[in-house]
Amino acid sequence: MKDDKIIQMDMGASVSSRGGTVCLGIESSCDETSAAIVDSNRNILSHIIYSQIPEHQKYGGVVPELAARAHILAIDEVIRQTLNRANMTVSDIDIIAATAGPGLIGGVLVGWMAAVGMAQSTGKPLIAVNHLEGHALVPRLAATTADNSASPVSVEFPYLLMLASGGHCQILLVRGVGQYEMIGQTLDDSAGEAFDKVSKMLGLGYPGGPIVDRRAALGNPHAFDFPRPLTDKPNCDFSFSGIKTAARTFLNKYPEPHGDEFINDFCASFQAAVVDCITNRLAHAMNTSAVLATKPKTLVVAGGVAKNSAIRSAMEKLAHEHGMIFAAPPMNLCTDNGAMIAWAGLENYKVGNIVREPIAPRPRWPLTELMEK
Ligand code: KG4
Ligand code: ZN
């Protein structure tokens, strides 16, 4: 593992009232090998993310076999460095948590087996974390406003969550740990997938979200008339494949080479369509009987797509229009990371969700199944 690919996350404010339960969290479900030590007083004591993006970039997306091998090569060193940076040894850790799905199973197995090995050899409690639950709960570890300004926002249950990542796009009513009610979801692609595919069509590279976000900030959102699928429908579901098809159709009409202005306008118009779909579907969600009866005070965005500046500010505006608080994780906790797994581990530990007999990691593991336990 090359040291230059290790990202040591900025821990933000200085550690306050360090203590409580200390959790080591491990994430390996996609293209980041990550570990973090987080305590129940919301201190991130260390956090390492080893990003495999450079390894997958030349293929235009994540290659599962390459990812699994890269996780195997990186996992021991990532955990070792995470402990070192916190000046801790395994004996200082109270509980061990790792992603047990959903995700690319080769990668999930690597992180999960590392956690099982450590838990069995030390006798410490082991927590099987659902990766989506990591995204869903991390705003309770740390959250901020749309522009990521310093003021922390505290997120209490229940809250209305837009979970948008590379693999998922769901509106959930989060009632508590393990209590996720599905209000709407995508019928085809996820929002992150749409960003990645449009970026690929334009030859801009992988992952597409951050690149399209940057280019969109420089372009005209009215230049191309992208569709807003399902926005006339009374339910809260999404569809992004129509936007993707429209992108392909536009590009066929305007042959390459595309200048910077064209690309910026294209990205801005595409992103505006995604933003409109998200705010429209969320506005519907706020009027469903489940949400009206529950009256969540906070509208939250999470998952890799939560890094998108236009989505954050449009959701903040929507929240304020509906008398709600808006909260988003700080940028470094939106995309996949070990701290969100450690935090979900702590939240699950508190409610007694400990692994008591061997379990099999799962490539598919819908959040709503956690309610059925
Ligand atoms: O949550 P995540 O790290 O991985 C999954 O669990 O899937 O999300 C990755 C996704 C990718 O599709 C990436 O393009 C997207 O998040 N993403 C963004 C931005 N940053 C990352 N999408 C839109 N705007 C961004 N700034
Ligand atoms: Zn994720």
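This report covers salt bridges in a predicted model.

Local features need pLDDT of at least 70, side-chain atom pairs count only at pLDDT 80 or more, and totals for chains, interfaces and linings use all residues. Side-chain values use heavy atoms, with hydrogens and water left out, and residues are numbered from 1 along each chain as its sequence is written.

**Salt bridges**

The whole structure holds 11 salt bridges. The term means a side-chain nitrogen of Lys or Arg within 4 Å of a carboxyl oxygen of Asp or Glu. Three of them are listed here, including Arg175 with Glu181.

| Pair | N to O distance |
|---|---|
| Arg175 and Glu181 | 2.5 Å |
| Lys197 and Glu193 | 3.3 Å |
| Asp232 and Lys233 | 3.9 Å |

**Exposure**

Buried means under 20% relative accessible area, exposed over 50%, and partly exposed in between (1.4 Å probe, protein chains only). Arg175 is partly exposed at 36%. Its partner Glu181 is partly exposed too, at 25%. Asp232 is exposed, at 63%. Lys233 is partly exposed, at 38%.

Lys197 and Glu193 both lie in helix α5, residues 191-201. Helices here are DSSP runs of H or I with at least four residues, numbered from the N terminus. The two residues are four apart, so about one helical turn separates them. Lys197 is partly exposed at 29%, and Glu193 is partly exposed at 25%.

What links Glu193 and Lys197 to Asp189 and Lys244? A network of salt bridges joins these residues.

Definitions and conventions:
Chains are lettered from A and ligands numbered from 1 in the order in which they are written.
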